[in-house]
Amino acid sequence: MIRATLSGEELQALNRRLEGHAPQDVLRHAFQRFFPDMVLACSFGAEDMVLWDMMYRINSRASLVYLDTDFLFPETYDVRDRLMARYAVSPEQVIRVRPALTPAQQAEQYGDRLWSRQPDQCCRIRKVDPLTNILKQYAAWVTGIRRDQAPSRATAGLVEWDATFGLVKVNPLAAWTNDDVWAYIRQHEVPYNVLHDQHYPSIGCTHCTAPVRPGEHPRAGRWQHVDKTECGLHTPDPGPLVKSPPSVPWSGMHSCERRNPGGHP
Ligand code: SF4
C-alpha cells in the first residue's frame, strides 16, 4: 500500500505558487505529487473533456472515473465511447462507477421519481455515495469546476483540501472562462458531447437536465423543478483552505466497473 501525504502548509504554498499558471502546469505538479493515486472525475462535459486531453498529453496512463447514474443521456455514452477510441485508452483507465441500487430498487425502497420529490436523496444514492467510495482509493481527484460557473464555486482553489471526501482536490480550470474551454476544444479538436450544440451547456442526468434559453445562466437547465444548484459533489468547504489532511491510503486496485457497496441512509 502506498501512502501519500501533503501537509496543510505544503498545500497552501502549492496553491499560492500555482495561481496564475496554465492548467497544464497545475496538472504536471499534480501528476508529480500524486500519480498514480490521482483520478479525473469526469462527467464528459466540455471542461472534463479538456482536462482529459491535457492529462493524457502529460501522461497517457492517466485515468478517469465517471458516475453512471443509470440516467445519463445517450449522447453522454457516445462521447465516452469517442473518448476511448480517440485516445486509445484501456478499459481500466475509464472507470465506471455505479450506484448500489438499480433504478428499480431505488423506486422500490424510496418510491417512484425520487429525483422529483427528494433530489438531494437521489443525488446521494446515485452520485455522492458512489463517488465517496471510489475516492477512498485515491490521494487526489481532478475536477473541471470553474470559479465563474456558480457563486458556490467562486472561491475554488487550484489545489485544495476536500473535507467532504477526504482527499486533495485539484481544479486546474478554476480560473478559466467558458470561452477558454471552447477555444481549447477547437484548437485541439477534442471530442465533446453533441448536446452542447443543442443548448445544453451543463449536462447531468436526463431527469434533471434541460436546455437553456439564450441569456440564461449556463446551469439554469439543471434541476429546474426544484431549488437546487449542486448535486453535492462540489459543496463549498465550510472551513479555511488549510487543514491537516490525513494520510490517504492507496489500494492500487483498478476496475473498469464498480457498483457502490455502501448502504444508504
Ligand atoms: S441529477 Fe437528478 S436523477 Fe441524477 S442523481 Fe441527482 S436527483 Fe437523481
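Let's start in the loop between helix H8 (178-188) and strand E8 (248-250), which is where Glu189 sits. This is a predicted model, and in it Glu189 has a phi near 50°, a positive value in a residue other than glycine. Is Glu189 buried or exposed? Glu189 counts as exposed, because 9 other C-beta atoms lie within 10 Å, and the cut-off for exposed is 12 or fewer.

Arg113 belongs to the loop between helix H5 (103-110) and helix H6 (114-117). Since Arg113 has 11 C-beta neighbours inside 10 Å, it counts as exposed. For context, most residues other than glycine have a negative phi, and most peptide bonds are trans.

That brings up the peptide bond between Phe35 and Pro36, which is cis, with omega at about 10°. Pro36 is found in the loop between helix H2 (23-34) and E2.

**Overall picture**

The chain carries eight helices and nine strands. Out of its 265 residues, 41% count as buried. Take the contacts with a separation of 6 or more: 77% of them link residues 24 or more positions apart.

As for confidence, the average pLDDT over the chain is 85, and 83% of the residues score at least 70. Residues 237-265 are the stretch to treat separately: pLDDT stays under 50 there, and the model has 70 contacts beyond four places in sequence for this stretch.

**The strands around E3**

Now for strand E3 (residues 64-67), which is covered on both faces. Leu64 and Tyr66 are buried on one side, and Val65 and Leu67 are buried on the other.

On which strands does E3 pair? One partner is strand E2 (residues 38-41), which runs parallel to E3 and is joined to it by two bridges. Leu40 is the residue opposite Leu64 in this pairing.

**Glu75, in helix H4**

Glu75 is a residue of helix H4. How is Glu75 classed, and with how many other C-beta atoms within 10 Å? Glu75 is partly exposed because 18 other C-beta atoms lie within 10 Å, whereas a buried residue needs 20 or more. Setting aside neighbours within four places in sequence, Glu75 is in contact with Asn193, Val194 and Leu195. Phe44 and Glu75 are 31 residues apart in sequence, and their C-alpha atoms are 9.8 Å apart in space.

**The strands around E7**

Strand E7 (residues 167-170) has a parallel pairing with strand E5 (residues 140-142), made over three bridges. In that pairing Ala140 stands opposite Val168. With strand E6 (residues 159-162), E7 pairs in the antiparallel sense over four bridges, and Asp162 has Leu167 of E7 as its bridge partner. E6 and E7 form a hairpin with four residues between them, and in its turn Gly166 has a positive phi of about 75°.

The pairings described so far can be set side by side:

| Strands | Sense | Bridges |
|---|---|---|
| E2 and E3 | parallel | two bridges |
| E5 and E7 | parallel | three bridges |
| E6 and E7 | antiparallel | four bridges |

**Around the ligand**

Last stop, the ligand. There are 13 residues around it, and those that come nearest are Trp115, Cys122, Cys123, Cys205 and Cys208. Which helix gives the largest share of the shell? Helix H7 (residues 119-135) does, with five residues. By type, the shell divides into eight nonpolar, three polar and two charged residues.

Technical notes: Residues numbered from 1 in each chain as written. Predicted model: local features only at pLDDT ≥ 70, side-chain atom pairs only at ≥ 80, totals over all residues. Near = placed C-beta within 6 Å. Nonpolar A, V, L, I, M, F, W, Y, C, P; charged D, E, K, R; others polar. Pairing = 2+ DSSP bridges. pLDDT = per-residue confidence, 0-100. Contact = placed C-beta atoms within 7 Å.
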